[in-house]
Amino acid sequence: MDKGIGESMQATLLVCIFTPLIGACLLPLIGQRAPRVRNLFSLLFVLASFLCSASLLPAVLSGSKPLIRLALPLGLSLGFQADALSVFMAMTSSLVACVILIYSFGYIKDYDNQNEYYFMAVLFLGAMMGLVYSTSLILLYVFWEISAIACWRLIGFYREELTIVRANKAYVVTVFGALIMLVGFLGIWGQTGTFELTAMQGVHVPAWCVALILFGILSKSATFPLHSWLPDAGVAPSPVTSLLHAAVLVKIGVYAYARLFAVTFTIDPVFTQIVPIIAAVSALISAGCAMVETDIKRIIAYSTISQLAFILLGVSIGNETGLVGGMLYILAHSVAKGGLFLCAGIVEHNLHTKDINQMGGLYKRFPLTAVAFALCSLSVMGVPPFSGYFAKFLVVQGALTANQPWLAGVFILGAFMTVFYLSRVFFKVFLGPETNHHAHEKSRTMVGSVVFLGVLALLLGVFISLPAELASRIWGVL
């Protein structure tokens with residue numbers, strides 16, 4: 001590779017990470033004088049991460065892996081590297097975050113704590129960028145904890161007693177899980193003498209280290225039995241639930257599993273049996289909760305837990321088909337579920353209720369929201385030609401390839417349960433007798449955001465070969 005091109009890609013990699021991290025710190029200062037300028041800059045900082053990550057895509061597809069490493073005393077080092085997995089995650093997270101920030105312009109404008117909201121939202125995206133590009137287990141842990149702090153403050157945005165309790169619960173569960181995971185990282189260091197992932201390709205990790213790290217992963221990805229904090233986090237503003245609990249935060253856990261156990265370390269085969277079973281149980285229990293819940297945001301949150309199980313199955317089943325399907329579903333789910341939360345936010349914002357039994361006939365007054373909700377729901381359901389269909393098909397095919405037909409059957413059942421509870425929400429909220437004759441779609445930025453995500457969920461299915469090519473390169477690093 002030409003030296004100049006290599007240095008340019010390294011600079012681009014640094015911009016991806018540090019633009020939102022440093023830019024977030026400037027937002028409260030800007031917001032004190034010019035709130036609209038603050039909003040614009042928050043979007044620009046996140047957009048810079050997306051564009052820079054996208055600019056790394058050609059190099060990654062050609063086989064290059066831009067790397068920056070800083071040597072530290074005691075044999076330690078800090079490093080960032082772009083490869084197929086990191087670029088895939090970075091582009092997905094930053095794209096959806098851009099849409100959510102645009103949506104926030106309309107949703108957050110009448111609330112207090114706006115400076116902190118934009119600071120924490122952009123900081124969280126910066127932490128995600130640092131995490132996915134990190135080559136060091138310690139650096140991964142640091143960004144993991146930064147995301148937990150941002151999550152904690154954003155869930156407690158309203159500063160009411162209930163929201164503070166729920167925010168504290170999310171913080172305690174995820175931080176405790178991270179501390180357990182850190183012990184596993186230290187165990188790996190004790191065996192290998194390094195925290196550098198690039199130096200541990202193919203290294204076998206002891207089962208007890210894997211178990212400790214898995215605990216942290218399950219707590220972050222809200223997988224049963226460490227899942228209850230996620231539905232409770234629905235007390236946060238809808239852009240927060242969309243950003244943290246559908247588009248970005250819970251994806252950190254499944255990303256960590258893919259990075260550590262699918263493309264870096266080798267682990268005992270027993271984990272390719274245990275983890276899919278955990279995913280299957282989580283999928284069915286959470287889907288069952290979604291079928292009887294009446295709070296629209298809790299329904300969507302339980303749906304997130306169920307759909308994350310599909311992703312976890314894909315990345316843990318141990319073959320290329322499942323891994324590609326799991327990665328594609330990270331993209332499909334981020335777009336579609338982010339859209340569902342934002343649609344729910346439009347309804348809640350105007351009706352001042354989250355109870356679907358108090359809604360009905362909203363299609364007449366929320367036509368674009370209804371269409372966007374339907375498009376996003378169809379993708380999450382796995383209806384062709386939406387992106388969710390291809391991803392779920394590959395995940396189930398991966399289970400069959402691994403000679404686990406019962407797992408495939410469980411997740412097919414979970415898919416049918418998804419159809420049931422999302423159809424129930426749509427018919428309750430948008431069809432049937434009209435219950436509110438005054439509410440209507442107001443903010444153009446909010447409505448435009450959900451329509452964009454709904455259309456994108458469809459287009460990603462029509463052009464599925466493009467993200468599939470990048471996802472297939474992830475398996476190629478094994």
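Ala, Val, Leu, Ile, Met, Phe, Trp, Tyr, Cys and Pro count here as nonpolar, Asp, Glu, Lys and Arg as charged, and the others, Gly among them, as polar. The structure is a predicted model, in which local features need pLDDT of at least 70 and side-chain atom pairs count only at pLDDT 80 or more, while totals for chains, interfaces and linings use all residues. Residues are numbered from 1 along each chain as its sequence is written, and side-chain values use heavy atoms, with hydrogens and water left out.

The largest pocket has a volume of about 290 Å³. Its lining holds 14 residues, and the closest to the centre are Leu-57, Met-91, Leu-331, Pro-467 and Leu-470. Two or more lining residues come from each of helix 2 (35–61), helix 3 (84–107), helix 17 (444–462) and helix 18 (465–475). The lining divides into twelve nonpolar residues, one polar and one charged. A pocket is an open set of points on a 1 Å grid over the protein atoms alone, where a 1.4 Å probe fits, with protein on both sides within 12 Å along at least five of seven lines; lining residues have an atom within 4 Å of a point. The volume is the space filled by probe spheres set on the points, which are joined across faces, edges and corners. Helices are DSSP runs (H or I, at least four residues), numbered from the N terminus.

Helix 3 has 24 residues. It reaches 34 Å from its first C-alpha to its last, close to the 34 Å expected at 1.5 Å a residue; the expected span is 1.5 Å times one less than the number of residues. Of the 24 residues, 21 are buried, so helix 3 is largely enclosed by the rest of the structure. Buried means under 20% relative accessible area (1.4 Å probe, protein chains only).

The structure holds zero disulfides, a disulfide being a pair of cysteine sulfur atoms within 2.5 Å. The sulfur of Cys-376 is 5.6 Å from the closest cysteine sulfur, in Cys-343, too far for a bond. Cys-343 is buried, at 1% relative accessible area. Cys-376 is buried too, at 0%.

Glu-348 lies in helix 13 (residues 320–351) and has 15% relative accessibility. Beyond its neighbours within four places in sequence, Glu-348 is in contact (heavy atoms within 4.5 Å) with Tyr-107, Ser-238, Lys-297, Thr-353 and Lys-354. Glu-196 sits in the loop between helix 6 (161–192) and helix 7 (207–220), with a relative accessible area of 5%. Not counting residues up to four places away in sequence, Glu-196 touches Arg-69, Ser-77, Leu-78, Gly-79, Thr-135 and Ser-136.

Conventions. Buried means under 20% relative accessible area, exposed over 50%, partly exposed in between (1.4 Å probe, protein chains only).
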